[in-house]
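The following note sets out numbered points on the model shown below. Please read each point alongside the sequence and the structure.

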Amino acid sequence: MKRSTQLLAALGLVAALGSGAVLATGTGSYPSEVNFSSIKLPRGVESRSEFAQHAKVTQQEAEAAALAALPGKVIKAKLDDEDGYLVWKIDVKHDKGVTEVAVDAGNAKVLAAEAEDDDEHEDRD
C-alpha cells in the first residue's frame, strides 16, 4: 500500500511538472484561437468603451488568470472582440518568448494561448 501511494505521488508530480513545462513553452494545453466565451457581444458593439461596459472581469483579474496559467510578466493587456466574443488579450513575456493569452471577460477562464513573434515586443523591455 505504501509503495502504491509513493508511485501515485511520483506520477502526480511528473504530470504536474510536465504540464508546467508545456506551459513554459508559451502555448500550454490551450487552443491557439478563441472558439467561445461566456460573453457574446451584441451586434454593433465595436469600441473599447463599449467592450468595458460588457466585461465582468477586470484587467487585473484577467492578468492574474493569464499569469496563473503562464508565469512571466504582463507587457500588454486589452479587451477585444474575438469573433463576436469578448475576451481579454494578455501578452505575457517569459523566458521562452511572448505569448498572447486569451482570458474570458466574463469568468476569467483562460481560453487560448498563442506564441507571438517576439520582435513586435522588443521595444517594451
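1. K78 and D80 form a salt bridge, with their closest N and O atoms 3.9 Å apart. A salt bridge here is a side-chain nitrogen of Lys or Arg within 4 Å of a carboxyl oxygen of Asp or Glu. K78 itself is partly exposed, with a relative accessible area of 27%. Buried means under 20% relative accessible area, exposed means over 50%, and partly exposed lies in between, with a 1.4 Å probe and protein chains only.

2. The model is predicted: local features need pLDDT of at least 70, side-chain atom pairs count only at pLDDT 80 or more, and totals for chains, interfaces and linings use all residues. Residues are numbered from 1 along each chain as its sequence is written, and side-chain values use heavy atoms, with hydrogens and water left out.

3. D80 also meets the side chain of R48 in a salt bridge (3.7 Å, N to O). Because D80 lies in strand β1 and R48 in helix α2 (residues 48-54), this pair ties together parts that are 32 residues apart in sequence. Helices (H or I, at least four residues) and strands (E, at least two) are DSSP runs, numbered from the N terminus. D80, at 14% relative accessibility, counts as buried, whereas R48, at 45%, counts as partly exposed.

4. Which residue meets D80 in a salt bridge at 3.1 Å, N to O? The partner is K89. Both D80 and K89 are buried. The whole structure contains four salt bridges, and a network of salt bridges links R48, K78, D80, E82 and K89. In general terms, side chains of opposite charge can pair when their charged atoms come close.

5. The sheet is open and consists of four antiparallel strands in the order β1-β2-β3-β4. Strands β1 (73-82) and β4 (110-116) stand at the edges with a single partner strand each, so one side of each is left without a neighbour in the sheet. Two strands pair if DSSP finds at least two bridges between them. On average, neighbouring strands of this sheet are turned by 20° against each other, direction ignored. Axes are lines fitted to C-alpha atoms, for helices over the stretch in contact, and angles run from 0 to 180 degrees between N-to-C directions.

6. Strands β2 (residues 85-94) and β3 (residues 97-104) run antiparallel and are joined by eight bridges. I90 has V101 in β3 as its bridge partner. Helix α3 (residues 59-69) packs on the sheet and touches β1, β2, β3 and β4, its direction making about 55° with that of β2. Contact means heavy atoms within 4.5 Å.

7. Which residues of α3 are buried? They are A62, E63, A65, A66 and A69. Seen down the axis of α3, these buried residues fall within an arc of 160°, so they line one face of the helix; the arc is that of the directions from the helix axis to the C-beta atoms. The face turned away from the buried side of α3 carries the exposed residues Q60 and A68.

8. Overall, the protein has three helices and four strands, which follow the pattern α-α-α-β-β-β-β along the sequence. Of its 125 residues, 34% are buried. Among contacts with a separation of 6 or more, 54% involve residues 24 or more positions apart.
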